Amino acid sequence: MNLKQLEYFVRVAELGSFSKAAMVLQIAQPALSRQVRALETDLRETLLLRNGRGVCLTDAGNRVFEHSVAILQLVTRARDDIEARRGEPGGRIVIGLPPSIGRQLTRPLIDAFKRQLPRAQLAVVEGLSAHIAEWIASGRVDIGLLHNPEGQAAIETTPILEEELCLVGPAPKTRRGKRTAAEPVPMAELPRYPLIVPERSHAIRKLLEAQAALSGIKLDIAWEVSSVSSIIELVCASYGYAVLTASAVAASGHADQLVARPLTEPRLTSVLCLAVSSSKRPTA
C-alpha cells in the first residue's frame with residue numbers, strides 16, 4: 001500500500017468513475033485501474049463495485065476510504081507545517097458554511113484570504129450545520145460555522161453571533177405603497193400560520209419544534225423544503241410562512257418582498273458558533 005494508490009482510490013471513490021478520475025488525475029485509465037486493483041490485492045478486499053453508471057464503494061471500501069482521506073490529510077498537513085516554517089504560511093484549508101451564511105461570506109472571505117495568505121489554498125463547502133459538524137469531526141473540514149450545535153467531544157465551538165428568529169411572510173403594503181411595521185408574533189399564535197420549514201435535521205427546525213413542544217402548541221407544517229432559498233421563493237409566492245433569521249432574509253435578494261416579524265413569548269434566538277476539531281492541531 002502506498003500514498004499514490006490511496007490518492008487514486010480516493011479520487012475514483014469521490015467521482016464515482018474511473019474515466020472521470022483518470023481525466024482529473026491526468027493519467028491513462030488502464031494505469032489508474034492497475035493502481036486501484038493493486039490496492040485491493042494488497043488488502044485482499046474488493047473496494048469498488050463496477051456498474052453501468054460507474055463505481056460504488058463496498059462496505060470495506062467505505063472503511064478504507066475514511067482511513068485514506070485521514071492519511072492523505074495528515075501527509076498534506078505535515079508538508080504544510082514544514083513549508084510554513086520557511087516563511088509565509090501555505091497549504092490548504094477547508095471551511096464549512098451553512099447555505100444562508102455562505103451567500104453572505106464566501107466572496108469577502110475569499111477576497112481577504114487571497115490578500116492575507118497568497119501562498120495558501122482555500123476550499124469552501126456548504127451544508128447543514130449537522131453535516132458540517134460531522135465533517136469537522138471526521139477531518140474532512142478544518143473549520144466551520146454552525147447554527148445551534150449540539151455538544152460533542154469531537155469538536156470545540158465558540159459562540160460568535162446571536163440572532164432572533166422571525167416569522168417571515170409576504171410584505172403587506174398600504175395604499176401609498178409604504179410597508180407596515182413588523183409587529184412581533186407570540187409563539188402561541190404560530191399555529192395560525194402554515195409553515196414552510198426545512199428537514200428535521202436542520203438546526204432551526206429542531207429549535208422551533210423543541211420550543212413548540214415546551215409551549216404545548218402544534219405547528220402547521222404545510223411544506224418541507226431543505227433549501228432556504230427555495231423556502232424564501234415559496235414565501236414570496238404566498239405558499240406559506242417561514243421561520244428564519246433577519247440576516248437570512250437580507251441575504252436572499254428578496255428582502256423588499258418580505259417582512260420578518262420577531263417571535264416572542266418566549267423570544268427565540270439562533271446562535272452561530274465557530275467550530276474546529278478538538279483533536280487536530282491547527283496549522284500556521
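Here is a walk through the structure above, from its cores to its salt bridges.

Keep in mind that this is a predicted model, where local features need pLDDT of at least 70, side-chain atom pairs count only at pLDDT 80 or more, and totals for chains, interfaces and linings use all residues. Residues are numbered from 1 along each chain as its sequence is written, and side-chain values use heavy atoms, with hydrogens and water left out.

Let's start on the inside. A nonpolar core is a set of buried Ala, Val, Leu, Ile, Met, Phe, Trp, Tyr and Cys residues joined through side-chain atoms within 4.5 Å. Buried means under 20% relative accessible area, exposed means over 50%, and partly exposed is in between (1.4 Å probe, protein chains only). The largest nonpolar core has 20 residues, and the ones that touch the most other members are Phe9, Val12, Phe18, Leu32, Leu47 and Leu48. Two or more residues each come from α1 (3–15), α2 (18–25), α3 (29–43) and α4 (59–85). The element that gives the most is α1, with 6 residues. These labels come from DSSP runs, numbered from the N terminus: helices are H or I with at least four residues, and strands are E with at least two.

What does phenylalanine 9 contact, once its neighbours within four places in sequence are left aside? Contact here means heavy atoms within 4.5 Å, and the list for phenylalanine 9 is Val36, Leu39, Leu47, Leu48, Leu57, Gly61, Val64, Phe65 and Ser68. There is also a second, separate core of 16 residues, which includes Leu165, Val185, Leu190 and Leu219.

Now look at helix α2. Its buried residues are Phe18, Ala21, Ala22 and Leu25. Just after α2, glutamine 26 takes a positive phi of about 60°.

Two of those covering elements, β1 and β2, form a hairpin with 2 residues between them. They run antiparallel and are joined by 4 bridges; strands count as paired if DSSP finds at least two bridges between them. Arginine 50 has valine 55 in β2 as its bridge partner.

Strand β6 (residues 155–170) pairs with β11 in the antiparallel sense over 5 bridges, and valine 168 stands opposite alanine 260 in β11. Strand β7 (residues 185–186) runs parallel to β11, joined to it by 2 bridges. There, valine 185 has leucine 263 as its bridge partner.

Finally, the charged pairs. A salt bridge is a side-chain nitrogen of Lys or Arg within 4 Å of a carboxyl oxygen of Asp or Glu, and by this rule the count comes to 9. One of them joins glutamate 40 and arginine 50, with the closest N and O atoms 3.8 Å apart. Glutamate 40 lies in helix α3 and arginine 50 in strand β1, so this pair ties together parts that are 10 residues apart in sequence. Glutamate 40 is buried, at 10% relative accessible area, whereas arginine 50 is partly exposed at 46%.

Another salt bridge links lysine 206 with glutamate 150, with the closest N and O atoms 3.1 Å apart. Since lysine 206 lies in helix α7 and glutamate 150 in the loop between β5 (143–147) and β6, the pair ties together parts that are 56 residues apart in sequence.

Helix α7 (residues 203–215) also holds arginine 205. Is arginine 205 buried or exposed? At 2% relative accessibility, arginine 205 counts as buried. Arginine 205 forms a salt bridge with glutamate 224, with the closest N and O atoms 2.7 Å apart. Glutamate 224 lies in strand β9 (residues 221–224), so this pair ties together parts that are 19 residues apart in sequence. Glutamate 224 itself counts as partly exposed, at 49% relative accessibility.
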